[in-house]
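Here's a quick tour for anyone meeting this structure for the first time. Have a look around, then read on.

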Amino acid sequence: MNLSIFGTPFFPLSLAVVYWVAKNIVSKELASLITLLYSCSVIGTSIQFSPLMLNSNLATIFFALSIYYAYVRDKIVPSSLFFIASVLSYEIFLPLILLNLFLIKENKKRILFAILTTGFIVIFRKIIQPGLFVNSYEREFVGKIFELKRVALVVIFDLKLFFKDIFMVIYKGVLNMKKCMF
């Protein structure tokens, strides 16, 4: 049985939420562009390629709602709760805490948001998760961020991706078009 059908509604739902939040912050045209860019991104389309990546669309919904509550409604506690849900769903959203902190207008509210989110995430990852789950593991290796050799390789591979690989894929795709039967 193909389980991807259960996650399929979350992709259009995440598109709708991203558009709705962006429309409340910027113009409709820019909101459409943001939604288009999200729909073409790896995070946005991952559910289309893997049913196991349902959490990326769910995390995007939570993150967009955290932006909405931080910027539009100016409510820190719901924003913090949605941000925590997004990070617990998909860890890739953790660095985006800087975006939320940037969008919050008052310094006291920024400090409250930072304490609530990072405090709960650290407590959950270090105390609650290992205590509740027998097979818990840690994905984040903060020490690897400062390894210059690894950082240099990541930069080199990123440059290679953007300046060579993308163009090679397009070129080979065009060459293989003659083999397709339309």
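Helices here are DSSP runs of H or I at least four residues long, while strands are runs of E with at least two, and both are numbered from the N terminus. By that count, the protein chain in this predicted model has nine helices and zero strands. Go along the sequence and the pattern reads α-α-α-α-α-α-α-α-α.

Some figures for the protein chain as a whole:

| Feature | Value |
|---|---|
| Buried share of the 182 residues | 27% |
| Share of contacts with a separation of 6 or more that join residues 24 or more positions apart | 55% |
| Accessible surface | about 12700 Å² |
| Part of that surface belonging to carbon and sulfur atoms | 74% |

Now for the inside. The largest nonpolar core is made of 22 residues, and Val17, Val21, Phe83, Phe93 and Phe113 have the most contacts within it. Two or more residues come from each of α2 (10-25), α5 (54-72), α6 (76-89), α7 (97-103) and α8 (107-132). The top contributor is α5, which supplies eight residues.

Skip its neighbours within four places in sequence, and Phe83 is still in contact with Phe63, Ser66, Phe93, Leu94, Leu96, Ile97, Asn100, Phe113 and Thr117.

Another spot to check out is Thr35, which sits in helix α3 (residues 28-40). Is Thr35 buried or exposed? Its relative accessible area is 12%, so Thr35 counts as buried, the cut-off being under 20%. Leaving out residues up to four places away in sequence, Thr35 touches Leu15, Val18 and Tyr19.

Conventions: Residues are numbered from 1 along each chain as its sequence is written. This is a predicted model: local features need pLDDT of at least 70, side-chain atom pairs count only at pLDDT 80 or more; totals for chains, interfaces and linings use all residues. Side-chain values use heavy atoms; hydrogens and water are left out. A nonpolar core is a set of buried Ala, Val, Leu, Ile, Met, Phe, Trp, Tyr and Cys residues joined through side-chain atoms within 4.5 Å. Buried means under 20% relative accessible area, exposed over 50%, partly exposed in between (1.4 Å probe, protein chains only). Contact means heavy atoms within 4.5 Å. Accessible areas come from the Shrake-Rupley method with a 1.4 Å probe; for residues, only the protein chains shown count as cover.
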